[in-house]
Every structure is written in structure tokens, then in C-alpha cells.
Amino acid sequence: MLTEEQEVLRNTVKDFCEKYLVKSALDIERKGISDDIKQKLAENGFLGAYIPQDCGGSGLDKKSYALMLQEFAGYSPSVAFWIFLNNSIFSELLIKNLDKTICREILEKVAANKATAAVLFEDVLKNSIAAPQLEIDENLSVKGDNSALKIKGKQDYVLNPGADFFIAAVKKGSEDGILLLNKGVSVVADNPHLGFRGIRFSKVVLDSPTKDAVFLSTTNGLDLIRKTYNNASYEVAAIAIGIAKAAVSAAIDYAKTRKTFGSELISFQPIAFSLESYISEIDRMENDLYNSTSPEDIKNALRAKLKAVEMVLNASSLALQVHGGYGYIEDFKIERFYRDSMALAVFTGNHFNDMINLSKIDFGDKSAVY
Amino acid sequence: MDFSLPKEIEDIRKKARDFAVKEFTQELTLTCDATETYPDDIRKKAYNAGFIDVGNPWGMLVSMEEFCRVDPGVGMSALVPGFGSEVIMLYGSDYQKKKYLEPVLKGEKISGFAVTEPIAGSDVAGISTKLYKKDGKWILNGGKMFITNGTIANHFYVLARSAEPDSPEKRHHGLSMAIVESEMKGFSSTKITGKLGMRATSTAELKFDNIEIPQENIIGEEGKGFYYVMSFFNISRIYVAAQALGTAEGALDRLKAYLAALKSRGSPMADYESAQFLLSETATEIEAARMLMYMAADKLFKFEPDPVITSMAKYYSASVAAKATRSVMLFMGLDGIATDMERFYRDSKITEIWEGTSEIEKLVISRMLMKK
Ligand SMILES: Cc1cc2nc3c(=O)[nH]c(=O)nc-3n(C[C@H](O)[C@H](O)[C@H](O)COP(=O)(O)OP(=O)(O)OC[C@H]3O[C@@H](n4cnc5c(N)ncnc54)[C@H](O)[C@@H]3O)c2cc1C
């Protein structure tokens with residue numbers, strides 16, 4: 001199923017996680033991913049794993065990159081998601097839409113942890129948004145060099161609001177474009193934080209005299225970002241599988257040692273049966289994912305994502321249940337997996353929109369309309 | 001067959017709803033959740049408004065439902081200060097009623113019910129806390145885990161082993177209940193932080209280090225503790241069913257409000273059949289859970305408890321709450337993640353764990369059915 005190189009990569013990531021993440025996983029949730037960890041991720045080539053080599057990244061192929069994310073997710077979903085946002089979303093948007101020289105300049109910094117990035121995804125992931133909420137101040141129109149360009153507004157859902165670079169969809173007249181900003185974003189308040197607590201999640205206001213702002217696109221901005229999210233479905237499936245695998249494996253370990261009524265939990269059929277059914281489901285999903293000859297294929301990736309996300313929601317719930325009261329507190333990682341599974345579903349798209357997209361691919365445009 | 005509750009109970013329901021909507025402000029619920037703080041002011045207000053009234057179980061039940069519908073964490077915190085009182089009402093002596101129950105019923109003191117230990121939760125008879133006589137005095141040694149009101153209660157109704165059973169099959173023999181004051185020498189409690197949900201409630205680990213227990217603090221008959229705990233569960237499980245029902249209804253309220261908001265935004269999503277089905281299925285499951293819960297409560301409050309129906313109500317309502325909060329959260333997506341919907345999602349899970357896990361409820365149901 002995996003090539004020798006991929007097996008080596010998997011083991012390297014595992015070793016890294018055992019060395020640097022196992023002990024700090026709880027700290028990451030409480031205080032954020034430390035700069036030290038980010039630096040180590042960068043030094044080992046993980047931070048820019050999917051960024052092309054000529055832009056300062058490791059240039060992994062999609063499958064190897066997904067495998068890497070899966071391993072990270074089992075140790076710290078926050079870290080996996082941090083890498084995902086940098087590579088699958090930010091870097092992809094840049095590479096597909098921007099001049100190579102500027103791309104390289106920025107991505108080299110991101111891969112080396114000299115700068116961090118964020119994508120303002122609110123308009124893309126929220127239900128029923130037709131046009132970007134951010135508007136370019138029409139009084140200050142674009143004058144070729146962008147020196148008088150100004151963008152004002154607010155965004156309520158921003159992961160990593162302290163970033164050095166932001167990508168935002170903006171409304172410009174009747175068109176919607178995408179801008180790359182590097183100034184003028186300030187935090188108004190932090191949001192309640194269901195998942196990926198290692199990454200700050202805030203409401204921000206924008207008031208950017210964006211002299212250095214660059215247009216990635218002046219049309220179809222929302223669609224382009226949406227497409228980027230869709231293209232990342234394969235990686236989302238891998239993260240979901242990584243969380244589920246770790247949750248179920250922790251539950252199995254626990255069930256083998258915890259005794260009730262004089263016997264180990266694993267001796268009770270309902271527990272053994274349900275854990276067993278998840279092991280086989282996860283195995284099957286993992287096989288399908290890594291045996292795929294076309295990880296770029298949107299249809300298969302979207303299917304894999306939907307199934308894997310649904311599965312991880314169930315698997316993490318079962319794992320928590322098997323842990324009883326202990327599953328409910330943060331010292332046991334299961335509580336985190338439970339929250340992060342839902343955060344993964346919410347921060348990577350909308351379940352219903354994904355279903356609509358998939359239906360349309362499979363059954364044509366007339367399907368799933370009402 | 002009458003499916004409606006008497007007017008005076010419906011009046012309490014309305015009053016409870018109004019109280020919760022007014023008092024459980026967004027700021028309060030957010031803060032209690034974020035900082036894991038017990039809302040003592042709300043407890044006092046709820047008491048003064050007459051909601052904490054163990055003598056009016058139907059009133060408590062509908063209040064639990066309505067409070068949790070507005071916020072499960074603060075709602076539970078407001079109604080749980082008398083946790084375990086029924087044990088004293090049923091099995092306590094006059095002295096215990098006067099000294100321990102009365103101040104709780106007057107809203108002056110807080111109680112807790114402590115059974116679970118680090119090594120045993122579902123397996124109640126597997127506990128290892130010891131209660132034994134030394135020089136004519138009762139001594140308590142051991143500890144308890146995950147105890148609600150653990151850092152705020154003035155006293156706890158504690159299950160401990162007071163005699164070794166004759167055989168492993170008779171492990172439920174030889175257990176007794178004692179009242180332990182938090183001021184007693186040798187008592188200590190440590191707050192448990194970092195809970196998934198119900199973060200407004202106080203949860204703690206208790207330690208008992210050679211605590212001297214006066215004879216008058218032994219509840220009921222020595223050796224009957226297991227039965228007292230089981231009969232308490234037959235009562236408390238119905239309140240957990242109400243908690244779960246309220247949580248599920250809260251999710252439904254939020255779904256309805258969200259669909260209305262989508263409609264006013266001009267979104268076609270509000271009319272999607274998948275949205276309509278989600279609404280209908282959730283509402284149907286809530287009604288089914290309600291029927292089971294009211295049936296269980298009706299039997300119990302007529303002093304004819306039916307453990308089968310009670311366990312069915314608890315297990316089913318909990319699964320409805322978990323499912324409803326998850327589906328609504330998924331449907332709302334980013335629109336729900338910074339609202340209290342994410343809290344409802346986290347808060348719902350506990351109903352499948354405490355007062356008997358869903359698995360234990362299923363074992364109770366099957367065993368009792370086979371006995372019938
Ligand atoms: C926030 C919170 C507050 C609490 N408050 C209190 C309180 O005030 N007082 C108190 O006494 N306790 C309290 N508890 C403890 C709670 O009641 C227990 O956690 C619960 O009963 C489960 O026990 P356990 O955690 O030991 O899990 P275990 O008993 O170890 O069970 C682990 C898992 O195995 C399953 N299982 C066990 N036996 C079997 C079997 N034979 N067949 C199939 N499955 C089985 C269980 O269903 C569960 O899924 C609280 C817990 C929490 C999290």
C-alpha cells in the first residue's frame with residue numbers, strides 16, 4: 001500500500017511526535033503551539049511539507065503529505081491543522097494564483113517559520129454567503145500601484161489572527177477578488193474555542209492601508225477559495241483517519257486494562273464489537289485513501305472526506321464513552337479528539353454543501369436542489 | 001390516558017423558562033464555561049424563586065428541562081445543590097433530616113452524593129473506600145472521584161465498604177452510607193478542571209484520611225448502602241433524562257432560530273428538504289424521549305418506580321441529546337461554532353455517562369425485563 005519512502009516518512013513523523021509532541025500536547029492546547037515546536041517543524045521540513053521545493057518547501061507529493069498529516073493528527077490535531085492551513089490552503093492559493101517570484105519570497109518564510117499565514121475563510125465556509133463581506137473602500141480606488149487601496153471590515157472567525165500574511169476574499173464593485181494582505185488586522189475578541197485550541201481563534205477588524213497588498217485574483221475570489229478547500233478534501237480525510245485511529249487505539253488500550261465487575265472492559269461484547277467495527281472501518285478507509293491512484297480526483301477525495309469525518313465523529317464519541325468519566329477530562333486526550341473531530345468538520349467546509357457538490361458530480365446539476 | 005401535565009406544573013415550567021432566559025445571560029454562561037466557575041448567585045436566585053424544591057418533584061423536573069434548554073451547564077448547577085437529598089428523605093433518621101436535609105432545603109447548605117472512585121464507577125460494588133469500627137468509633141478511609149459539588153458542598157452522602165462480603169457474588173452486601181462533612185478532620189477535595197462540558201458545575205476528587213464518623217451519621221441500616229444507591233439512581237436518572245431532554249430541545253430551538261435567520265437572509269438553505277427532515281426527525285425524537293421520561297416520572301412520583309422505564313428514559317434521552325446537538329452543530333457549521341451551540345454539543349455528552357452510563361442502563365433494562 002505504501003512505498004518504502006512513505007513508510008520511512010511515517011516513521012520519521014512518529015519519532016518526531018514521540019520526541020516533541022507527546023509531552024507538550026496538553027500545553028499546546030492550553031497555551032498554543034509554541035514557537036519552539038513550530039521551529040522544529042520547520043527544521044524538519046514539516047511546516048512547508050507540501051510547498052514546492054523551489055518555493056522553499058519539502059515538495060512532498062499529495063499522498064505522502066496526507067500520510068504525514070494523519071500521523072500528526074494522532075498526536076496533536078492542532079499541529080496537523082496548523083500545517084494543513086499553511087500548506088493545503090494558504091500555499092495552494094498563492095501558488096495557483098500568484099507570480100512565482102513573490103510566491104517564493106513569502107512561502108520560503110512560511111516554511112521556515114519566519115512568518116505565519118492565515119486565510120480569512122468566513123465567507124467561504126459560512127452557509128449561504130453569495131459575496132464577500134469585505135469591501136474595498138470605493139472612495140480610494142485602485143490606482144495601478146495599489147498605494148491608495150484600503151480595505152475595511154470585520155471577520156468573526158479567524159484562525160491564527162496574529163499572522164503576518166492574510167488571504168481574504170474581497171468585493172470590488174460587482175466582482176469578488178482575493179487579496180493578500182500583510183497589515184492592518186487587529187483582534188477584537190477571542191471566540192469560544194471548540195477545537196484545535198492550539199491555534200488562536202478570534203474576531204478581527206481590518207483597517208488596512210494596504211500599500212503592499214497584492215491581488216491574487218480580481219474575479220471569482222470566493223469560488224477560487226472554495227475550490228482550494230475542495231481540493232484539500234483528501235488531506236482532511238487523512239486528518240480524520242489520524243484522529244480516529246489514535247482515539248480508537250487509546251480506547252482499546254484502556255479497555256484492555258480497565259476492569260469493571262471483575263473483568264477487563266474488552267471482555268464485554270458490546271465494547272469489543274464496537275471497537276472492532278471501528279478498527280475495520282478505519283483500516284478500510286486508510287487502504288482506500290492510500291491505494292488511490294488519483295489523490296487529486298475531487299469526487300473520490302470528497303467522498304473520502306465525508307465518510308472519514310462522519311466516522312471520526314462516531315469513533316471519538318465511542319472512545320470517550322469507553323473511557324467513562326476519565327474520557328471527559330482533558331488529561332486523557334480523548335476529550336480533545338472529541339472536540340477536534342467536530343472542529344475538523346466545521347473548519348474544512350460545510351457538510352451539506354459537500355453533499356450537494358458530490359450529488360451534482362454524481363447525479364448532475366438537477367440533483368439535490370430542493 | 002392524559003398526556004398533559006397539570007396547569008400548576010405548566011405554570012412552573014413557564015416560570016422556569018422565563019427565569020432562565022432572564023438570568024442565564026450570554027455573559028454569565030460564557031464566563032462560567034470558559035473559567036469553569038460555579039454560578040453561586042444563580043443558585044441563590046433559583047432557590048429564592050422556589051425552583052429548588054425537592055418536595056415538588058414535577059416542578060423540579062420541568063425546571064431542569066427548561067433550565068438546560070437555555071444552558072445545560074448553568075441550568076444543572078442551579079438545580080443540583082441538594083444532590084442526594086432523596087436518600088435522606090427516604091432512609092435518613094430524624095436527626096439527619098434536621099441537621100443535614102433541612103438546611104439544604106432552606107437553601108443554606110449544599111450536598112453531594114459520592115459513589116464513584118478512581119477504580120470503580122459503573123461497578124458500584126467494586127468500590128474500596130473503607131468504613132470500619134475502631135475503639136467503638138467509625139473510621140472512613142479512601143477517596144472518591146468525579147464528585148459533583150465536590151468543592152462547594154458542606155456535606156456528602158458517601159458509599160463505603162463496611163464489611164467484607166461472604167462471596168464475590170455478594171459484593172453488593174456489606175456496603176453502607178455515611179454522611180461526611182467537608183469540615184471534618186481528614187477530609188480534602190481537589191477541583192477537577194479541564195472538563196469537556198458542564199464546566200459551570202463543580203467537580204472534584206475527594207480524599208478521606210482517617211475521618212471519624214459519628215454513629216448518627218450512618219444512613220439507614222448498616223450494609224444496605226448498595227440498595228440505597230440503586231433506589232437513588234431510580235430517581236436521579238429521571239432528572240438526567242430531563243437534563244438530556246432540555247439539552248436536545250435547546251438544540252432544536254437553535255436550529256429553528258437559525259433556519260428563520262437563514263430565511264430572512266434570503267438563503268435557499270432554509271427550505272432545503274434536508275433541513276426540514278433534520279428538524280422533523282429531531283423534534284420527533286424529542287417527543288418520544290419526553291413520553292418515556294414523563295412515563296418514568298409519573299410512575300416514580302406515584303411511588304411505583306419502574307426501573308425498566310426509568311433506564312429506558314435515561315438512555316434514550318441521552319442518545320437523543322447527543323444526536324440532536326451533533327446534527328444541529330454540523331448543519332450550522334461555522335455559523336454555530338462561536339455561538340452557544342458549540343457548548344450544547346460539548347454539554348450533551350455527559351448525559352450518556354453520569355448516573356449510570358448508557359451501557360449500564362441497557363444492562364438494567366435487559367436484566368429487569370428477564371425477571372418480569
Ligand atoms: C462531570 C462528572 C460528574 C460526576 N458526578 C458524580 C457524582 O456526583 N457522584 C458520583 O458518585 N459519581 C459522579 N460521576 C461519575 C460517573 O457517574 C461515572 O463516571 C460513571 O458512572 C462511569 O463510571 P466510570 O467513569 O468509572 O467508567 P467505567 O465504569 O470504568 O466504565 C467505562 C466504560 O465501560 C462501560 N462498561 C462498564 N461495564 C460494562 C459492562 N459490563 N458492559 C458493557 N460496558 C461496560 C461503561 O459503560 C463505560 O462506557 C461524575 C462523572 C463526571 C464525568
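**Cavities, a pocket and the ligand site**

Mentor: Let us begin with the largest cavity, where helix 11 of chain A contributes the most to the lining, with three residues. Please keep in mind that this is a predicted model.

Trainee: How much space lies in the largest cavity?

Mentor: The space there is about 70 Å³.

Trainee: And what classes do the residues of its lining fall into?

Mentor: The lining of the largest cavity has four nonpolar, four polar and two charged residues.

Trainee: How many cavities of 30 Å³ or more are there?

Mentor: The count is three.

Trainee: What lines the second largest cavity?

Mentor: Its lining is made up of Trp82(A), Leu85(A), Asn86(A), Ala117(A), Ala118(A), Val119(A), Phe121(A), Leu159(A) and Asn160(A). Helix 5 (77–97) and strand 1 (117–120) of chain A are the elements that each give two or more residues to this lining. By class, seven of the lining residues are nonpolar and two are polar, with no charged residues.

Trainee: Which domains of chain A does that lining draw on?

Mentor: At least three residues come from each of domain 1 (4–111) and domain 2 (117–219) of chain A.

Trainee: Changing topic, what is the volume of the second largest pocket?

Mentor: The second largest pocket holds about 1,100 Å³ of space. It is lined by 35 residues, and those closest to its centre are Glu310(A), Asn314(A), Lys323(B), Arg326(B) and Ser327(B).

Trainee: Which element gives the largest share of that pocket's lining?

Mentor: Helix 10 of chain B does, with seven residues. At least two residues each also come from helix 11 and helix 13 of chain A, and from helix 9 (273–301) and helix 13 of chain B. By class, the lining of this pocket has 16 nonpolar, ten polar and nine charged residues.

Trainee: Now the ligand, please. Which residues come nearest to it?

Mentor: There are 31 residues around the ligand, and the nearest are Gln321(A), Ser122(B), Phe146(B), Thr357(B) and Glu359(B).

Trainee: Why is the site described as shared between chains?

Mentor: The site is shared because the residues that surround the ligand come from chains A and B.

Trainee: How much of the ligand's accessible area does the protein cover?

Mentor: The ligand has 970 Å² of accessible area on its own, and the protein covers 96% of it.

Trainee: Which element gives the largest share of the shell around the ligand?

Mentor: Strand 3 of chain B does, with three residues. By class, the shell has 17 nonpolar, ten polar and four charged residues.

Note on methods:
Residues are numbered from 1 along each chain as its sequence is written. Chains are lettered from A and ligands numbered from 1 in the order in which they are written. This is a predicted model: local features need pLDDT of at least 70, side-chain atom pairs count only at pLDDT 80 or more; totals for chains, interfaces and linings use all residues. Side-chain values use heavy atoms; hydrogens and water are left out. A residue is near a molecule or strand if one of its heavy atoms lies within 4 Å of it. Accessible areas come from the Shrake-Rupley method with a 1.4 Å probe; for residues, only the protein chains shown count as cover. Helices (H or I, at least four residues) and strands (E, at least two) are DSSP runs, numbered from the N terminus. Ala, Val, Leu, Ile, Met, Phe, Trp, Tyr, Cys and Pro count as nonpolar, Asp, Glu, Lys and Arg as charged, and the others, Gly among them, as polar. On a 1 Å grid over the protein atoms alone, a cavity is a set of points where a 1.4 Å probe fits but cannot get out, and a pocket is an open set with protein on both sides within 12 Å along at least five of seven lines; lining residues have an atom within 4 Å of a point. Grid points are joined across faces, edges and corners, and a volume is the space filled by probe spheres set on the points. Domain bounds come from an automatic or database domain assignment.
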